[in-house]
Amino acid sequence: MGLAFALLLISFTFTTVYIDYEMISSYLHSFLLIVLNFVPILIVMLLLLCATKRLWLSFSLTSLLVFIIGIINKTKLFYRDDVLKLEDIALFKEALVMTSRYKVIITRSAIICAICCIIATIVLKKLYKKINVKNKYCIISIIFIVITAGVLYRKVYTNSEIYDKVGDTSLINIWLATRQSQIRGLIYPFIYSSTEITNSIPAGYDEQQTKDILSQYSYSDIPSDKKVNVIAVMLEAYNDFSKFRTIDFVEDVYKDLHDIQKKFIKW
């Protein structure tokens with residue numbers, strides 16, 4: 001358990017681009033958040049231990065998994081300000097292409113943690129040889145762990161009420177999904193993101209009732225005198241730099257835009 005807890009602490013360093021000690025402190029002050037991030041790491045380590053019967057191998061492979069998730073998460077945050085989600089696994093090929101264009105973010109802290117894990121693996125390999133346990137007991141243990149993991153996933157790790165309970169919202173802008181994920185650690189929100197892969201049916205939804213309501217309306221073209229023009233300008237596509245007082249323009253390049261704004265509803 002001590003080894004799994006060490007990996008838990010390491011995982012917390014990957015939740016932001018640069019280590020945020022205040023946020024890490026908030027993790028450590030929430031027992032439930034610690035458990036939610038700790039249990040998946042422990043489960044993976046126990047599964048690998050039962051499968052390989054070697055503590056050093058189970059620790060090293062679990063460490064590798066944590067580092068892969070962490071480094072990808074940190075890199076994605078750096079370039080897109082977005083956290084790693086389970087659905088991103090489907091974009092593995094695209095991610096490989098992107099690595100040739102962008103630098104993978106590996107910080108000094110990540111290197112130090114990796115060195116510590118390598119040293120721990122070497123020590124474990126010398127101190128603990130292959131565990132002498134009969135195969136049938138290992139198989140039984142694997143089955144038990146898998147069943148337990150499945151129950152926890154369905155009852156706990158996809159439960160929105162539990163998700164809403166953890167995380168210090170005073171540290172973030174609550175309207176940003178990325179920040180909402182960051183205050184809940186690395187492993188737990190990564191698993192919870194599986195709920196976003198499929199669209200869940202809202203409570204009380206009735207397909208036939210919806211069809212009945214829609215059937216009450218008739219569809220026809222909008223009369224010419226009732227039609228309006230809707231112009232949508234995406235945030236990343238356009239900006240009115242005249243609002244910045246530090247910029248002087250030789251000519252008013254935004255004149256047409258400002259004229260339109262005076263005549264129509266805008267937001």
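# Exercises on helix packing and aromatic contacts

The axes of helix α1 and helix α4 (residues 55-80) cross at roughly 15° and come within 10 Å of each other. The structure is a predicted model.

**Exercise 1.** Repeat the analysis for α4 and helix α6 (residues 108-127).

Solution. 
- Step 1. The axes of α4 and α6 are 8 Å apart, and the helices pack at an angle of about 165°.
- Step 2. Angles over 145 degrees count as roughly antiparallel, and α4 and α6 are therefore roughly antiparallel to each other.
- Step 3. α4 passes α6 in a left-handed crossing.
- Step 4. From α4, the residues making the contact are Leu55, Trp56, Phe59, Ser60, Ser63 and Phe67. From α6, they are Ala110, Cys113, Ala114, Cys117, Ala120, Thr121, Leu124 and Lys125.
- Step 5. Trp56 and Lys125 belong to this contact. Lys125 lies over the face of Trp56, at 4.7 Å from the ring centre.

**Exercise 2.** Describe the geometry of the pair formed by Phe5 and Phe38, state which helices hold the two residues, and say whether each residue is buried, partly exposed or exposed.

Solution. 
- Step 1. A pair of aromatic rings is described by the distance of the centres and the angle of the planes.
- Step 2. A search of the whole structure gives 9 aromatic pairs. In the pair of Phe5 and Phe38, the ring centres are 6.5 Å apart and the planes stand at 55°, so the pair is tilted.
- Step 3. Phe5 belongs to helix α1 (residues 2-12) and Phe38 to helix α3 (residues 31-52), so the pair ties together parts that are 33 residues apart in sequence.
- Step 4. Phe5 has a relative accessibility of 34% and counts as partly exposed. Phe38 has a relative accessible area of 10% and is buried.
- Step 5. Phe38 is also touched by Met1, which touches Leu42 as well when residues up to four places away in sequence are not counted. Met1 is in the segment before α1 and, at 69% relative accessibility, counts as exposed. Its C-alpha atom is separated by 9.6 Å from that of Ile41, 40 residues apart along the chain.

**Exercise 3.** Which type of aromatic pair do Phe249 and Tyr254 form, and is each residue buried or partly exposed?

Solution. 
- Step 1. The centres of the two rings, Phe249 and Tyr254, are 5.8 Å apart, with 90° between the planes.
- Step 2. Planes over 60 degrees apart count as edge-to-face, and the pair of Phe249 and Tyr254 is edge-to-face.
- Step 3. Phe249 is partly exposed, at a relative accessible area of 37%, whereas Tyr254 counts as buried at 9% relative accessibility.

**Exercise 4.** Name the residues of the aromatic cluster that contains Tyr163, and find the charged end that sits over the ring of Tyr163.

Solution. 
- Step 1. The cluster consists of Tyr157, Tyr163, Tyr188 and Tyr192.
- Step 2. Over the ring of Tyr163 sits the charged end of Arg184, 4.2 Å from the ring centre.

**Exercise 5.** Locate Lys53 and Asp81 in the chain and describe their phi angles and accessibility.

Solution. 
- Step 1. Most residues other than glycine have a negative phi.
- Step 2. Lys53 has a positive phi, near 60°. Lys53 is placed in the loop between α3 and α4, and at 13% relative accessibility it counts as buried.
- Step 3. Asp81 is not a glycine either, and its phi is positive at about 55°. The loop between α4 and α5 (92-99) holds Asp81, which is partly exposed with a relative accessible area of 36%.

**Exercise 6.** Where does Asp256 lie, and what distance separates its C-alpha atom from that of Cys117?

Solution. 
- Step 1. Asp256 is part of helix α12 (residues 255-263) and counts as exposed at 57% relative accessibility.
- Step 2. The C-alpha atoms of Asp256 and Cys117 are separated by 61 Å, and the two residues are 139 residues apart along the chain.

Note on methods. Residues are numbered from 1 along each chain as its sequence is written. This is a predicted model: local features need pLDDT of at least 70, side-chain atom pairs count only at pLDDT 80 or more; totals for chains, interfaces and linings use all residues. Side-chain values use heavy atoms; hydrogens and water are left out. Rings of Phe, Tyr and Trp (its six-membered ring) pair if their centres lie within 6.5 Å; planes under 30 degrees apart count as stacked, over 60 as edge-to-face and the rest as tilted. Helices (H or I, at least four residues) and strands (E, at least two) are DSSP runs, numbered from the N terminus. Buried means under 20% relative accessible area, exposed over 50%, partly exposed in between (1.4 Å probe, protein chains only). A charge sits over a ring if NZ of Lys or CZ of Arg is within 6 Å of the ring centre and within 35 degrees of the ring normal. Axes are lines fitted to C-alpha atoms, for helices over the stretch in contact, and angles run from 0 to 180 degrees between N-to-C directions. Contact means heavy atoms within 4.5 Å. Angles under 35 degrees count as roughly parallel, over 145 as roughly antiparallel, 65 to 115 as roughly perpendicular and the rest as oblique. A crossing is left-handed if the near helix is turned anticlockwise from the far one by less than a right angle, and right-handed if clockwise.
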